[in-house]
Amino acid sequence: MLRPLLRKSLHSLWYTTSVSQSRCSSQATVSIQENIKNKRKRAQLGGGQKRIDAQHKKGKLTARERINLLLDPGSFIEFDMFVEQRCTDFGMDADENKFPGDSVVTGHGLIHGRQAYVFSQDFTVFGGSLSSAHAQKICKIMDQAMMVGAPVIGLNDSGGARIQEGVESLAGYADIFQRNVMASGVVPQISLIMGPCAGGAVYSPALTDFTFMVKDTSYLFITGPDVVKSVTDEDVTPEELGGAKPHTSVSGVAHDAFEDDVDALLKLRQFYNYLPLSNRDPAPIMATEDSAERSCPVLDDLIPNESTKAYDMHDVIRALADNHDFWEIMPTYAKNIVVGFSRMNGRTVGFVGNQPKVKSGCLDINASVKGARFVRFCDSFNIPLITLVDVPGFLPGTDQEHGGIIRHGAKLLYAYAEATVPKITVITRKAYGGAYDVMSSKHLRGDINYAWPTAEVAVMGAKGAVQIIFRGKDGQAEQEAEYIEKFANPYPAAIRGYIDDIIEPRVTRSRICRDLNILASKQQSNPWKKHANMPL
Amino acid sequence: MRFIKIPSRLLSGLSPSGNKLFSRLVHDSRVLQHYAQAANKSSTNDKPFDKILIANRGEIACRVMRTCRDMGIATVAIHSEADNNSVHTLMADEAVCVGPAPSSQSYLNMPVIVEAIKATGAQAVHPGYGFLSENKEFAKFLAANNTAFIGPGTFAIDAMGDKLKSKQIAMNAKVNTIPGFDGVVEDADHAVKIAGEIGYPVMIKASAGGGGKGMRIAWNEKETRDGFRFSSQEAASSFGDDRLLVEKFIDTPRHIEMQIIADSFGNTLWLNERECSIQRRNQKVVEEAPSTFLDANTRRAMGEQAVALAKAVNYKSAGTVEFLVDSKKNFYFLEMNTRLQVEHPVTEYITGLDLVREMIMVAAGHPLSITQEDVGINGWAVECRVYAENPYKSFGLPSIGRLSRYVEPTHIPNVRVDSGVREGSEISMYYDPMISKLVTYGKDRTEALSTMCSALDNYVIRGVTHNVPLCHEVLRHPDFIKGDISTNFLNEVYPNGFTGKQLSGEEHKHLCAIACAFYARQRLMGQTFLNQTRLPQMGKVMDTLEVQVKLEEKTVTALVKSNDNAYEVSLNGSDVINVSSDWSLSSPTQTLSVNSGSPFTVQCVNSSATGSYQIQFDGTVFDLEVISLTAANLRAHMPVKVPEDQSLVLRSPMPGTVLSVSCAVGDKVAEGQEVCVIEAMKMQNSLCVSRDGRVKSIHCKEKESLGEGDLILELE
């Protein structure tokens, strides 16, 4: 009787050290072993096979499948697999309502060999709803991530609060919010919305650095279509209200959307490589085969002869970047400014560029906010900023003025002025008016400010300027020509040292790579303060 | 660069060539050795002119300038505003802006060009091909102003420029001609009547001009009427002359042309033939010299007839007499081009001559440097016209864009690339979409063809769609290799349109293995951080990867083992394929070897984190998917996204201008009905709906310009 049992649980350290104990007790131990095994097995299954199948049918992966795809194979170490929800009301304490691990899978693992903390909400358990146990699990890994200095990735797929738990669930949300805020600027936080995320729950992704969505299967809204209907009598589908499309193109809540779960997780792995693990780490440098000295002849021909003609700022960024790779943030929102990550000589950099192709590249409310948030992320995490300037000014109009362009434009100005990371600026063409100042100008502590020969640094375009200077006088065409001769070139700024050098476009990459090497040891700090009061 | 922006200085603005950007371009390896050889043969070292103006743009302007430079002659470029920074503009010693982008206002703007000649003091003008090269008014004007025209006399241009006249002269000179109606066709009814008399099929073509523009083949009455309409419109817009003629269309014809050169001392030589049978819509794609089809007797007969014709019009300079050759080696005069041809480099390769040099010498009144006895055939040369166009749409619909990456394969011996672009150049809708002429040479045809294949493999063109896939496939086609071709080659070999390379079973496996190797290499590079030390990297780089590869609806699993620069890929657990290379993921080309075979070059055009790869293999770009087995298994749960029903919408297949919209919202339309005509690169393209329906909305109007893929109309 004893022998087969012994063999069966030989691996148990506890058992082998207590062989002399009574048969009864050892049997109990064995059953504990079995119990643990069973629990693990059940935890693996989440809400059960039926619910897993339903999840698949919706075109979604399960919480565990997602983690397995996100992390390097076999690297996931799970926390709190045995945590259970502790609600006693509404029959929740019944055995069939206890799922080991509850409705979230948490732990850590590796992405391309680098540490990452991750939580993945399990829709198959109570619709992924947030219980106090669920919240507690998330808080645990967030606390550890901050201590260790490694990013937190949240895979959101939750119906909302665990209503049976009432205020405990709300407390859970707030606990997470508090940690989101504490971790902000300490470790990168990424949210990937892979299912519903509604009500108060939306504020956790909103507090993280990046919110990505999965097309067609994810939603983010404060109040769902039903409530909307009852309050405002508006008919709206969840997709129209809070799907990937409105959030990536209209609201600016999400930073990008991906085709499906697999797509999203594979892309997230790639994205992760751009980020430092914490504010204690430098921007990552990856091995690259792209020469830092590579010349970019494509840039010589890029700027059209007519200053009114557009070109694509993406072309400039791709030409400069290692392997022509550019990870764009918010590619479909406020397209008049382009922001995103690339590498220069292997080192992660953040590109910010005005986009002449859209609204002539002017700054408006949305572009300012988009730019400001990106600049602040880079500054928080030691990622050098490269700013490509072709800006005719701020967008005029009552919409903008009444919408608060003064307040919002100030955000971008503030972000640049505050940033202490290496800041390199290239004026490719127009740098007009206040927008010139804003776009990482020398005056806002730009470290290296270049101009291409096509640069025009001026208060405004020739036509407008002449109308003011020579109001009511004849010979506008001549005066315009004179103004162009005087200001539509890089010299006035270069003479005053507002730009450090006028460079041929083709050498821009090699110059920036060299500058980044030197500026890697840049030291600059802002005066002590509790925190700044940025114009929100 | 700055002051030529200003239109008021259009004429006086001569930009000096002190710009260091292009000195590199000029001194690169494209100035071929054989030019130098040709130069040595020349009997005189006198500089014929001090300064030549090149009244053209793009590759031919650059081509002419290279010879001028070799001869120590200063060059003047003319350019439109769109070409301010073009290679030819920068390459010249002086450059003059002659007007806005449309060629009718710049490169065809005779008064301004004449002013430019006066202002720069150019003693001679080389017109290149196209534009003013066969414009007798231009030649006349130059003669009156004591400026040499580097081309034939006005009489020859005039006589040969008109198809009816030239045919008459040819018949008088005892040159074989095609049966047809020797007169101008009055209207569609008249065309139908004539066609009935000659017998179908017939060819309707513009009396003026050439290059396939204004040319249609008709096999029945309806096609004759349609053809008449299109041809006269095209002729009017391309040549300002809508006169048409009709002639017998020769079935399975080969297009073989004879290069001639003549001086003003009565010396007229034939420089052997070029075969240009590989054409699409009557425009040449692949050319070679000599032809596989001609025997020495036919060649001589053809050469002598060409010379006879040239003499009949007192021809001097370089010219080409085009013939159609039937399967029995009967040849018929087609037309004479009184200019330097696009495909002249193949003749230069096999004869060792520099035709531009000869043209310049002749224009300066010097005799030819050689006699007929000196002309031989030495080796074989092939030319591919590399166009910015989509070969999968009617063998090539124009595409536009910026050359975001561009590397010419001039590092390969015996490769010549005549181009007027560089990385960053824009292929605009204003001009011909040709990117370059890729020419290769070999001691025999096999060698020339094989060099061409590797030249195409190593040619990096990104940012515009191009026809390299088509060129590559033609060169590898057994019929082409045998020399069994006609002008119908493309339509016969690809009756349902060009679909790219068809992979053999073996090639399929090799390509899968190559993609796996790229994947493994990227995995390795994507894991190599140089400064992540505070929290060190953990785990180990996997030396064996389990992946799934998808190519052309076929899915295989693969085990990829890395061993330094070699990857051992076992497909479906059986076929083991070794892929080795000096990997560089930053290089646009990757030369690799499969199973230690001879090295070849592929290009990884695109790759993404989600496992999609676009690999150019034997010219064609293949879409592959390589993902980990885990991801592949999970992808099975992903929903299939339904793409938009394309039959309900009509999109512009190319960038162009809307000429007409022949339906209105609410109209009932039938499958195949023409609803819109778009003009692109001077070709009129009729767009038809692909199903019956009612027009729901129209998204363009006449004269509006469209980009590729722009919505034209929607059906309901």
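Predicted model: local features only at pLDDT ≥ 70, side-chain atom pairs only at ≥ 80, totals over all residues.

Visitor: Which residue in the turn of the hairpin formed by strand 12 and strand 13 of chain B has a positive phi?
Guide: The hairpin leaves five residues between the two strands. Phi is about 65° at one residue of that turn, B:Lys329.

Visitor: Strand 9 of chain B also pairs with strand 12 of chain B; over how many bridges?
Guide: Strand 9 covers residues 254-262, and its pairing with strand 12 of chain B is antiparallel. Within it, B:Gln259 stands opposite B:Thr320. The number of bridges is nine.

Visitor: Is strand 12 of chain B mostly covered or mostly open?
Guide: Helix 13 (residues 355-363) of chain B lies across strand 9, strand 10 and strand 12 of chain B. Buried here means under 20% relative accessible area. By that cut-off nine of the nine residues in strand 12 (residues 317-325) of chain B are buried, so the strand is mostly covered.

Visitor: Which are the edge strands of the open sheet in chain B?
Guide: The sheet has eight strands, in the order 13-12-9-10-11-14-21-19, with antiparallel pairing. An edge strand here pairs on one side only. In chain B these are strand 13 and strand 19.

How values were computed. Residues numbered from 1 in each chain as written. Chains lettered and ligands numbered in written order. Heavy atoms only, no water. Buried < 20%, exposed > 50% of the residue type's maximum accessible area, 1.4 Å probe, protein only. Helix = DSSP H or I, 4+ residues; strand = E, 2+ residues; numbered from the N terminus. Pairing = 2+ DSSP bridges. Contact = heavy atoms within 4.5 Å. Axes fitted to C-alpha atoms, helices over the stretch in contact; angles between N-to-C directions.
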